[in-house]
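Colleague: I have not seen this one before. Can you walk me through it?

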Amino acid sequence: MRYKSFEEVIGLGECCSPVKVSVARAHDEDVLIAIKGAVEKGLIIPILVGDEKEIRRIANEISFSIDSFTIIPTNTDEEAAYEAAKQAHIGEAKVIMKGLLNSTPFLKGVLHKDFSLKTGRIFSHLSIFEIPGVEKLLYITDGGLNIAPDENQRAQIVVNAVEFLSSIGVRDPKVALLAANELINEKMPVTVECQNIMKLVKSQIPDCQIEGPLPLDLAISKESLKHKGIISEVNGEADLLVVPTIEAGNIFSKGITYFAKGTMAGIVLGATVPLVLNSRSDSPKAKLSSIALAALAASRKDND
């Protein structure tokens, strides 16, 4: 299945049972608006962690009835991250969401030695884009978390993303390892790395449709392939684009957002549950879409 829009993902999520989501430091208007939207669509049941007085005040201001939801009072970022992660550790929550705190304390909570939320695989960021004029959602990794992953870690990043896509119903995604050229050139180390990463991924997912190195045009354009006379397994239909560096991913993603007017949802993978990490600057649609993707993955995992 190839999703055409976030609305399609949200619609599928509405057909599933709501998933419990623990929210670290939920006392923020933008966060609670996103949570309210997800609740109204039947996607989630929130567990609100943070300043209880503020949570209730903000909820009242935005006409969000939270009386039936669990609220866990905490005072600091560290306490909120710990308690939110604990809910997943004990099996109460199936998704953890970052609220009004930085990513570092949030991830430290997930990785805390008291909890069994690690899988042994690297944590990685997956960006999901809805782009005007593009007929399907586009997935990009990792432009948001890992600064300088080695080849083994980059292979894990790909496996994280492929498994997540499978969990939301995108079977056999076509994966392109991006570089500036499709030819192997030792003077361009990224092209050599792409070949090695492809072999590592194939050793874990033998039937994965993965190819690299590929420049962006050959990854997404059949016309470019035809013009250059190149035969490609991905065939210009890449679902998942794997960037060579965090800088490339960051620039590419912001280019899509600011120039192509795309909407980005974001999920962190590698834990036993999906992690929702949104920026405060993200639109309500982006926040809701991130929640919907994580909830859909968690719901389908429970039903497997």
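Colleague: How many nonpolar, polar and charged residues are in the lining of the largest pocket?

Modeller: The lining of the largest pocket has 6 nonpolar, 15 polar and 3 charged residues. Ala, Val, Leu, Ile, Met, Phe, Trp, Tyr, Cys and Pro count as nonpolar, Asp, Glu, Lys and Arg as charged, and the others, Gly among them, as polar. This is a predicted model, where local features need pLDDT of at least 70, side-chain atom pairs count only at pLDDT 80 or more, and totals for chains, interfaces and linings use all residues. Residues are numbered from 1 along each chain as its sequence is written, and side-chain values use heavy atoms, with hydrogens and water left out.

Colleague: What counts as a pocket?

Modeller: On a 1 Å grid over the protein atoms alone, a pocket is an open set of points where a 1.4 Å probe fits, with protein on both sides within 12 Å along at least five of seven lines; lining residues have an atom within 4 Å of a point.

Colleague: What volume does the largest pocket have, and which residues lie nearest its centre?

Modeller: Its volume is about 640 Å³, taken as the space filled by probe spheres set on the points, with grid points joined across faces, edges and corners. Lys254, Met264, Ser279, Ser281 and Asp282 lie nearest the centre.

Colleague: Which element gives the most to that lining?

Modeller: α10, with 7 residues. Helices (H or I, at least four residues) and strands (E, at least two) are DSSP runs, numbered from the N terminus.

Colleague: And the second largest pocket, what is its volume?

Modeller: About 430 Å³. Glu163, Phe164, Ser167, Ala271 and Lys301 are the closest to its centre, of 20 lining residues. The largest share of that lining, 5 residues, comes from α6.

Colleague: Different topic. Why is strand β7 described as largely enclosed?

Modeller: Because 5 of the 5 residues of β7 (residues 174-178) are buried, meaning under 20% relative accessible area with a 1.4 Å probe, protein chains only.

Colleague: Which residues are on each side?

Modeller: Lys174, Ala176 and Leu178 are on one side, Val175 and Leu177 on the other. In a regular strand the side chains alternate between the two faces of the sheet.

Colleague: Which strands does β7 pair with?

Modeller: β7 pairs with β8 (residues 209-214) in the parallel sense over 4 bridges, and 3 bridges join β7 to β9 (residues 240-242), also parallel. Pairing requires at least two DSSP bridges between two strands. Leu178 has Leu214 of β8 as its bridge partner, while Leu177 has Val242 of β9.

Key
Buried < 20%, exposed > 50% of the residue type's maximum accessible area, 1.4 Å probe, protein only.
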